[in-house]
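Hi everyone, thanks for coming.

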Amino acid sequence: MGRMFFLRCIFIILLFFFIFAGCGKEAGDVKEAKRTGAVSLKLIKYGDALGRRQEFFENEFHKKILEELNIDMTVEFVSWEAEQSLAARMASGEGFACMNVLSRNDWVSRGYLAGIRKSQMEELCPNLLRARGENGLECVTVGDIVYVVPLGGKSYAGDLQYFDIRADIVRELGYEPSEITSLEKLEEIMALCKVKRPELRILSKPDEFLMSALATEFSDRLFLPASENNFAVVDELGEGADVYSYYETEEFKKLCEVTKRWAKYRFIGEDELTNPDLADADWSAGKCLIRPGVTGAMVSASLKERTPGAEEALVKIGGLSNYKFKDYDWGISISKADTDKITDWLRFFDWIYADKDNYNFCVYGVEGKDYVCRDGRIEKLCTDMFINEWLVSAFDYKQYDTAISKEQIEKYESFDKNSEFSKTAGFFFDSTPVAAELAMLNVIYEEKLLPMIFGFLDYEQYYEEALRELKEAGLDRYVKEYEKQFQSWYEKKTDKRLDVGE
């Protein structure tokens with residue numbers, strides 16, 4: 001009995017010891033957090049957080065940013081279709097920073113974004129600005145205020161004027177990518193692929209680039225993305241600054257004729273409307289023939305990592321010059337609620353480019369665990385992406401994958417030579433005066449125009465009805481307002497260039 005009583009006493013003493021020791025540790029952790037005064041930031045990225053990627057951001061990345069910058073950073077991933085929900089979160093007063101393109105939405109005019117002075121960028125982001133090279137801040141400013149922090153500095157010309165095609169599959173079908181210089185040849189290869197490789201998706205995201213990539217097949221004008229859903233466009237090849245209502249042009253009609261044919265032959269899948277993220281997944285898994293072409297595809301090794309033997313090639317229909325409608329891929333915008341944390345955000349962005357070790361860590365992960373460096377080249381040990389390389393890539397820091405040839409690198413790094421800036425580069429359209437019209441136009445775009453662009457709604461049968469609805473929704477007022485703002489901006493830009501002797 002005495003022995004049992006003694007053991008019970010020992011057990012109770014140990015139990016109290018562990019309880020209070022745990023409380024002391026928890027209190028110590030709280031005290032330490034208060035002592036450090038770490039700033040809490042939330043970075044929202046498009047894409048999936050799976051496997052090693054999620055583990056990296058929750059552990060090694062979080063620890064390193066906390067230790068070196070005293071920033072307690074959370075990284076959240078959302079679907080590429082989550083733009084509207086992000087806008088709602090900004091409107092509700094939530095503080096975060098997220099991927100953005102200035103011309104993609106009306107977040108500036110709605111007051112959702114924190115404004116950054118150029119002097120703040122110059123003071124706090126010297127490494128970032130150096131990494132951008134000749135690329136400045138003109139494409140991300142409104143009235144000399146920066147609303148998107150542009151990351152990286154690389155080749156940008158020709159984006160969306162090309163088709164990014166699986167070169168290995170093209171060769172398997174008996175062709176060379178260099179043979180694809182016309183719509184006829186492109187369709188010939190697409191049709192043969194549908195027969196020989198029926199398991200493949202033929203084309204992804206046609207709404208993003210066909211207007212530009214097939215321009216020479218439609219007319220002697222070139223329209224590049226210039227406004228939300230392209231309701232207003234500018235001809236890059238014409239004189240002056242004329243603005244056109246794209247969905248009233250002959251070019252739109254001819255585009256619909258092509259995509260109707262492609263939908264009939266199932267070159268465009270119906271899930272492009274219902275589940276657009278699946279197209280990206282199919283490309284990443286090696287199950288797609290063609291996607292919108294961007295210059296970074298020339299030196300991308302991500303597809304090869306997932307699909308051994310896969311090879312990409314950029315092919316162009318027609319001989320137009322390469323244009324740059326912006327000098328960044330995507331940047332990062334800070335929500336209005338985080339205005340008091342601008343300094344901390346800029347410190348983080350600049351830290352990425354402070355040295356090659358930081359850059360490699362953010363892009364490739366932990367050396368020895370996620371990648372190794374051999375003779376100045378990166379050899380990845382896992383297929384997960386961390387901070388997307390295409391988002392932050394800069395010539396000064398980029399270490400090409402061992403699978404990329406020297407010829408590919410030289411071509412890529414000189415790709416912007418002899419290119420031209422789009423007339424709309426740096427222009428920001430304030431949609432506030434036509435916000436109600438734009439909201440209604442976007443609904444019609446989703447319900448009528450997008451299915452036409454994909455070839456699922458017959459142009460001849462549905463166009464007049466769609467146009468009537470567009471007019472009733474205020475299409476003319478929208479285009480007129482865009483024209484007024486753009487021409488005023490363009491004239492000032494032209495006058496400024498004349499003043500400095502350009």
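The second largest pocket holds about 1200 Å³ of space, a volume being the space filled by probe spheres set on grid points joined across faces, edges and corners. By pocket I mean, on a 1 Å grid over the protein atoms alone, an open set of points where a 1.4 Å probe fits, with protein on both sides within 12 Å along at least five of seven lines; lining residues have an atom within 4 Å of a point.

A word on the source: this is a predicted model, where local features need pLDDT of at least 70 and side-chain atom pairs pLDDT 80 or more, while totals for chains, interfaces and linings use all residues. Residues are numbered from 1 along each chain as its sequence is written, and side-chain values use heavy atoms, without hydrogens and water.

So, which residues lie nearest the centre of the second largest pocket? They are Glu138, Cys139, Ala425, Gly426 and Lys493, out of 42 in the lining. H21 supplies the largest share of that lining, seven residues; helices here are DSSP runs of H or I, at least four residues, numbered from the N terminus.

Glutamine 485 also sits in helix H21. It counts as buried because its relative accessibility is 17%, and buried means under 20% relative accessible area with a 1.4 Å probe, protein chains only. Beyond neighbours within four places in sequence, glutamine 485 is in contact (heavy atoms within 4.5 Å) with Phe427, Phe428, Phe429, Asp430 and Pro433.

Conventions:
Helix = DSSP H or I, 4+ residues; strand = E, 2+ residues; numbered from the N terminus. Buried < 20%, exposed > 50% of the residue type's maximum accessible area, 1.4 Å probe, protein only.
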